[in-house]
Amino acid sequence: MKKMMIGLCSALSVIVWGQKKPSKTTHLIPYSYQTFSCDNKGYFDATKYEKEQIDGVNKLLYKFNGVHFDTNPIFKLSSLEEVRKNKEAHLEDLDKQYEEKKKELYSLKVIDLPVWNKLYEETIHTFENEYQLNKEEIIAFSDPSTLKNSKFYTTCKEPIDAISSPDREKMFAAWKNYTELKSKNNADPKAVMARFDAKMNDPQKEDYALIDLIGLNFHNCANSSFRQKRDDEGKVYKDFDKLFTNLKKNCEDL
């Protein structure tokens, strides 16, 4: 009887030990994600993070990391005429994109650490300002004077004053100055100025001026005022990778 009890206890201890052993690894959850050129597979610690938090950071880095809205840039007279003719439809489409993307962005759950909270705040800031900029541009192509009430007026006062001024000569002078500055960074400055002269002598020179001053000059000025310049951008991607153990990368040859 005593031998039987000893044997039974030994068997139970084996069973208990066998049940406890996997618990040391069950907190490691497999996770797959795609970067710009790699398929990644690893494990995250479920005692530290929730999958929803990992998903949230993943989306901030790889889905909400660039331009948020699908809009058509205006570089030609035909595009300018189209956006004027269908202004309301363009505004409706922009608002639809805004509501859909806002719903997803604002519902993200991220890891509660300073690096990820900061990234989340910056992403929302960029998203809201990008929406406002796109909206202002669509309207301004039909009515340049509306830019006097722009959210970005303080930052971009000079181009806005030229665009919205009833004095068209002031606008043309600003257009020429902007083109001259731009030509200095071009491999063929003379060709840039030759194209400008041709447009300046065109009956639709005012429209050409608006394409450059709104779509390039104002846009670049306003965009740079809210687009985050993260010197450590490469670091946040590495920080995300560090959340995983046994991380395997399958990358395309660049």
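Trainee: Contact means heavy atoms within 4.5 Å. Among contacts between residues at least 6 apart in sequence, what share joins residues at least 24 apart?

Mentor: 70% of them. Keep in mind that this is a predicted model: local features need pLDDT of at least 70, side-chain atom pairs count only at pLDDT 80 or more, and totals for chains, interfaces and linings use all residues. Residues are numbered from 1 along each chain as its sequence is written, and side-chain values use heavy atoms, with hydrogens and water left out.

Trainee: Got it. How many helices and strands does the protein have?

Mentor: Ten helices and three strands. Both are DSSP runs, numbered from the N terminus: helices are H or I with at least four residues, strands are E with at least two. From the N terminus, the order is α-β-β-α-α-α-α-α-α-α-α-α-β.

Trainee: What percentage of the residues is buried?

Mentor: 38% of the 254 residues. Buried is under 20% relative accessible area, exposed is over 50%, and partly exposed is in between (1.4 Å probe, protein chains only).

Trainee: Which residues touch the most other members of the largest nonpolar core?

Mentor: I54, L61, F218 and F240, in a core of 59 residues. Such a core is a set of buried Ala, Val, Leu, Ile, Met, Phe, Trp, Tyr and Cys residues joined through side-chain atoms within 4.5 Å. Helix 9 (residues 205-226) gives the largest share, eleven residues.

Trainee: New topic. How do helix 4 and helix 5 cross?

Mentor: Their axes come within 10 Å and cross at roughly 175°. Helix 4 covers residues 87-106, and helix 5 covers residues 114-140. The axes are lines fitted to C-alpha atoms over the stretch in contact, and angles run from 0 to 180 degrees between N-to-C directions.

Trainee: What do you call that arrangement?

Mentor: Roughly antiparallel. That word is for angles over 145 degrees; under 35 is roughly parallel, 65 to 115 roughly perpendicular, and the rest oblique. Residues making the contact include L91, L94 and Y98 of helix 4, and I124, F127 and Y131 of helix 5.

Trainee: Q97 is in helix 4 too. Is Q97 buried or exposed?

Mentor: Buried, because its relative accessible area is 11%. Beyond four places in sequence, Q97 touches H68, F69 and D70.

Trainee: What about helix 6 and helix 7, at what angle do they cross?

Mentor: Roughly 135°, with axes within 7 Å. So helix 6 and helix 7 are oblique to each other. D161, A162, I163 and S164 of helix 6 meet R168, K170, M171 and A174 of helix 7.

Trainee: What else does D161 contact?

Mentor: Past its neighbours within four places, D161 is in contact with Y153 and K170.

Trainee: Last one. Why does N201 count as exposed?

Mentor: Because its relative accessibility is 67%. N201 lies in the loop between helix 8 (189-200) and helix 9. N246 is exposed as well, at 55%, and has its place in strand 3 (residues 244-251). Its phi is near 50°, a positive value in a residue other than glycine. Most residues other than glycine have a negative phi.
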